[in-house]
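Biologist: I would like to go through this model feature by feature. Please give the general idea each time, then the case here.

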Amino acid sequence: MPLISNNLKKKKMENKLSKWGFNNGDSKEKSLFSIRSVLETIMENLKEDDERVMIHLGRGDPSSIPCFRTSPVAEDAIFGAVRSAKFNGYAPAAGIYPARRSIAEYLSHDLPHHVSPDDVFLTPGANQAIEVVMSVLARPGANILFPKPGYPFYDARAACSNLEVRHFDLLPEKGWKVDLESVEALVDDHTIAIVIINPGNPCGNVFTSEHLQEIAETAKKLGILVIADEVYSHLCFGSKPFVPMGVFGSITPILTLGSISKRWVVPGWRLGWIATIDPSGVLKKSGIAECLQNYLEYSANPATIVQGAVPHILEKTTKEFFSHINNVLKEAVDAFYSKVQEIPCFICPDKPEGAMSMMIKLNLSLLEDINDDMDFCTKLAHEESVLILPGKIVGLKNWLRLTFAMEPAILEEALERIKSFYLRHSKVKGL
């Protein structure tokens with residue numbers, strides 16, 4: 001009798017649990033957009049007995065590398081905020097006023113018009129800024145335009161908000177410029193916005209002022225909002241300077257997304273922002289600015305300590321620090337781009353001029369027993385302890401995304417290992 005009773009109890013509990021419906025299907029599908037989850041899958045193939053140091057070219061976080069250490073000004077700002085005991089409590093939903101004011105002034109330096117503190121909304125990093133914007137813009141039947149290749153977190157957050165995603169092409173043969181013809185072909189009456197990432201992640205491109213104006217004018221003609229992802233702002237080391245999309249805010253309203261993560265190399269501090277660049281007041285009249293404020297009332301805030309440090313960080317960091325970071329990136333790119341040419345199965349359409357990563361086309365016709373980009377990355381990790389990201393996660397199958405934010409000597413070692421991998425799998429032996 002006790003056994004029968006226990007079986008009945010177990011059956012009743014199973015029936016109750018089945019009503020909850022936790023099959024993890026949606027979560028698994030959305031995790032396909034995650035760079036972290038793809039890299040973790042690839043890392044499962046690393047050899048435990050490989051005594052070489054694993055080289056990670058799959059993520060844009062060089063904060064642990066000595067030559068990328070953040071500014072002493074930023075570190076002192078955090079210490080000062082802690083010691084002041086002024087930033088131990090909760091912050092307002094949009095962020096504390098001194099931080100918003102300093103970000104508004106920081107952005108205004110590069111614009112022909114003034115950004116008000118009331119135009120700035122703080123978030124725990126740019127990823128949450130994406131979440132907030134996708135949630136606020138979502139409505140039944142709406143669609144949104146993302147670049148291909150692009151940053152997969154956009155696709156994940158759009159899926160969570162039930163926004164239809166339409167991808168426009170970036171043209172590798174034209175320095176990854178936006179294919180404006182493909183943009184116009186995608187737009188209909190339900191299209192709400194277009195996302196522009198500049199400097200480019202994952203391509204490492206930097207848009208010219210002329211091209212940004214073309215984008216703004218196209219958006220105006222089509223009646224859509226521009227979301228300008230400028231997380232890598234000012235990380236430019238080629239012939240093109242960084243020009244913020246907000247320069248053209250008088251043509252069409254702009255939502256600018258930014259953070260201190262990349263320029264100051266502190267992604268773990270989780271401080272980002274949304275700024276409405278809208279001289280004509282369209283975003284206020286349409287209610288978008290109010291919706292952003294309302295959403296943040298029920299959302300997480302950046303740590304108040306970090307908010308308290310922001311004015312000192314933005315106002316006191318020296319030009320020498322920024323120049324140093326850009327010079328390190330340029331040195332890395334120069335070494336990286338030169339060595340890439342020595343690997344026949346790699347086709348690099350354009351030398352990066354900004355950000356921290358680049359796209360490389362994989363010529364599978366030169367390789368045997370390699371099926372696609374994911375297979376390449378998995379076997380490379382197993383055989384050479386080098387991690388890179390398959391292009392399919394950013395929208396281009398059989399391409400690769402490599403991060404060059406690394407010490408040049410380590411980059412050279414990584415590319416030597418990749419070259420050895422190529423020679424081992426080349427259809428033409430004895431090279």
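The dialogue below takes up a helix, a sheet, a helix pair and some backbone angles.

Modeller: This is a predicted model, in which local features need pLDDT of at least 70, side-chain atom pairs count only at pLDDT 80 or more, and totals for chains, interfaces and linings use all residues. Residues are numbered from 1 along each chain as its sequence is written, and side-chain values use heavy atoms, with hydrogens and water left out.

Biologist: Which residues of H15 are buried, and how should I read them?

Modeller: An α-helix has 3.6 residues a turn, so residues three or four places apart point the same way. Helices (H or I, at least four residues) and strands (E, at least two) are DSSP runs, numbered from the N terminus. H15 covers residues 408-425. Its buried residues (under 20% relative accessible area, 1.4 Å probe, protein chains only) are Leu 411, Ala 414, Leu 415, Arg 417, Ile 418, Phe 421, Tyr 422 and His 425. Down the axis of H15 they fall within an arc of 155 degrees, so they line one face of the helix; the arc is taken from the directions from the helix axis to the C-beta atoms.

Biologist: What do the buried residues of H15 pack against?

Modeller: Their partners include helix H13 (319-340), helix H14 (373-384) and strand S14 (399-403). Contact means heavy atoms within 4.5 Å.

Biologist: What is the strand order of the open sheet?

Modeller: Two strands pair if DSSP finds at least two bridges between them. The order is S10-S11-S14-S13, with antiparallel pairing. S10 and S13 stand at the edges with a single partner strand each, so one side of each has no neighbour in the sheet. H13 packs on this sheet, touching S10, S11 and S14.

Biologist: At what angle do the axes of H3 and H14 cross?

Modeller: Two packed helices are described by the angle between their axes and the distance between the axes. The axes are lines fitted to C-alpha atoms over the stretch in contact, and angles run from 0 to 180 degrees between N-to-C directions. Those of H3 (residues 35-43) and H14 come within 8 Å and cross at roughly 50 degrees. H3 and H14 are therefore oblique to each other; angles under 35 degrees count as roughly parallel, over 145 as roughly antiparallel, 65 to 115 as roughly perpendicular and the rest as oblique. Val 38, Thr 41 and Ile 42 of H3 make the contact with Met 374, Cys 377, Thr 378 and Ala 381 of H14.

Biologist: Where is Pro 149?

Modeller: Pro 149 is in the loop between strand S3 and helix H7, and the peptide bond from Lys 148 to Pro 149 is cis, with omega near 5 degrees.

Methods
The expected span of a helix is 1.5 Å times one less than its number of residues. Buried means under 20% relative accessible area, exposed over 50%, partly exposed in between (1.4 Å probe, protein chains only).
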